[in-house]
Amino acid sequence: MVAPLQVDPSALASGVNNAWILTVSFLIFFMHAGFAMLEAGQVRSKNVANQLTKNMLTWSVGVIVYFLIGAGISTMVGGGADPFSYIMGDAAGWVGWLYGAVFAMTAATIVSGAVAGRAKLRAYVTYTILLSAVIYPVVTGLTWAGGFLTTIGPGFQDFAGGMIVHGMGGIAGLTAAWVLGPRMDRYEEDGSVNIIPGHSLTFAVLGTLILCFGWYGFNVGTSAIFSDGGLLGDQLGRVALTTTLGMAAGAIGAGTAALAKTGKVDTLYVANGMLAGLVGITSNTNAITWIGALVIGGLAGAQLPVVFEFVEKRLKIDDVCAVFPVHGSAGVLGAVLFPLFAIPGYSVSFVGQIVGVAVIAAWTIAATAIVFGVLKAIGQARVSPEHEREGLDVAEHGVNTYPEFGEPDVVADGGEDQIIRTDGGTDDRDIKMVVAMLRPEKLGDVKQAIAEVGAPSITVTNVSGRGSQPAKKGQWRGEEYTVDLHQKVKVECVVADVPARDVAEAIRKSANTGEPGDGKIFIMPVDNAVQVRTGKEGPDAV
């Protein structure tokens, strides 16, 4: 048995560090759940599964490529000897690789939000492979791995990836969105903007809060290093403080800017502002004052509506999830303002920061434009117009994220031993069709009521329409749009033996809320009916 005093302190510190780095890596990995929810909430319902698939494949494909190629390329660019030694190395080398991989995959997944709704899955996966193998590793090689950007004055400073990870990912996303072009119907012929709201603010906010939680792994996790029995210096507390203040200031800055712009505190801007504030302080969180965290975080949030509007209306780039103002411009802002708020004695210069930002941006723009440009030239970058209209969930994956009419099934005849008649009756010869336009949320009650009067056979369709229900105003990222076509379900029921008026009355009672927009019911005669399987006609076919 080894006595405590016989344990090598350096071996103990190494073991604790490895355990801590693994814990932090798992926390950063969990941020992918946040990205998945955030992006899924900001796309149309018909593209949710596609967005979720891209998030999962970003990790699954990218992490293997980064292991086999990317980590070694980073070391090689940085001038390290034997760059691929980690592949056949020891536990410490593999732990270090995983820590680098979770940062790399964060940069990669940011791009998916910019190109949502129109990029082919194969194009996105191809770009993920190249980003993980070369594009991102070159950036880390020039910086964290000891490349030439560390030799300019005191060197380019980026503590946890505000520019290297998030800024790079935001710039890559903007470039990819520019090459692909906007979604269909995003802009009118005169250049005016059409607002295309995402389908779930709930998902977007949930994703935001998951990301904020994981961000402590990014920043605080990077800071907490165990050495000779203790955590180094006061850096750990400073990072925890500035991370929290930057996050909070970002939300306030974005909400205030949205209020000044539209007169309303936009929920999505507040959520995006939290992330922009975090991005803004991620490069400098270890060495800025708490006042600096408030200023940089607040500015990163406040620039969000301004930069998004510039990208949307001036550049005409359709950045679906606002990845450039959240990650790109906020990352640039934080890196450039670092020297202004650095703590006394910390060596960082404006020249080094500006040159570093410029080199990273230039490399990212050039590499991304080449990859997507080639894919576009060979017709593999963007889905067809038909698939874009249909939605990428069905076109690319053959699934429907929200299967229609998922209410509990109603037994057609209420029993197991009777002869099933589609309308529950026997003798009357008139054929009528009852058509109703109703609120979608009342469908389950209507199905049950129709079955109870003996007419369970129905056809249901999702429709949009306009009647006496007044138009409403909606807002998405501070832009107002008119909702004058309301979502309804169209229920069609053909009966021969059950009185059509009984069916109509059952629908009316079960669908009634007493508010405008409950819908209308129509009763129409049907000349004939033909059953495809048997050839029967008339009431017998019904």
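In the predicted model, 10 aromatic pairs are found, where rings of Phe, Tyr and Trp (its six-membered ring) pair if their centres lie within 6.5 Å, and planes under 30 degrees apart count as stacked, over 60 as edge-to-face and the rest as tilted. The ring centres of Phe67 and Tyr86 are 5.8 Å apart with planes at 80°, so this pair is edge-to-face. Because Phe67 belongs to helix 2 (residues 48-77) and Tyr86 to the loop between helix 2 and helix 3 (91-114), the pair ties together parts 19 residues apart in sequence. Helices (H or I, at least four residues) and strands (E, at least two) are DSSP runs, numbered from the N terminus. Phe67 is partly exposed, at 22% relative accessible area, whereas Tyr86 is buried at 10%; buried means under 20%, exposed over 50% and partly exposed in between (1.4 Å probe, protein chains only). Ring pairs also link Tyr99, Phe103, Trp144, Trp215 and Phe218 into a cluster.

Strand 3 (residues 432-438) pairs in the antiparallel sense with strand 7 (residues 486-495) over 7 bridges, pairing requiring that DSSP finds at least two bridges between two strands. Met433 has Val494 of strand 7 as its bridge partner. Strand 3 also runs antiparallel to strand 8 (residues 519-525), joined by 7 bridges, and Met437 stands opposite Lys520 in strand 8.

Residues are numbered from 1 along each chain as its sequence is written, and side-chain values use heavy atoms, with hydrogens and water left out. As the model is predicted, local features need pLDDT of at least 70 and side-chain atom pairs count only at pLDDT 80 or more, while totals for chains, interfaces and linings use all residues.
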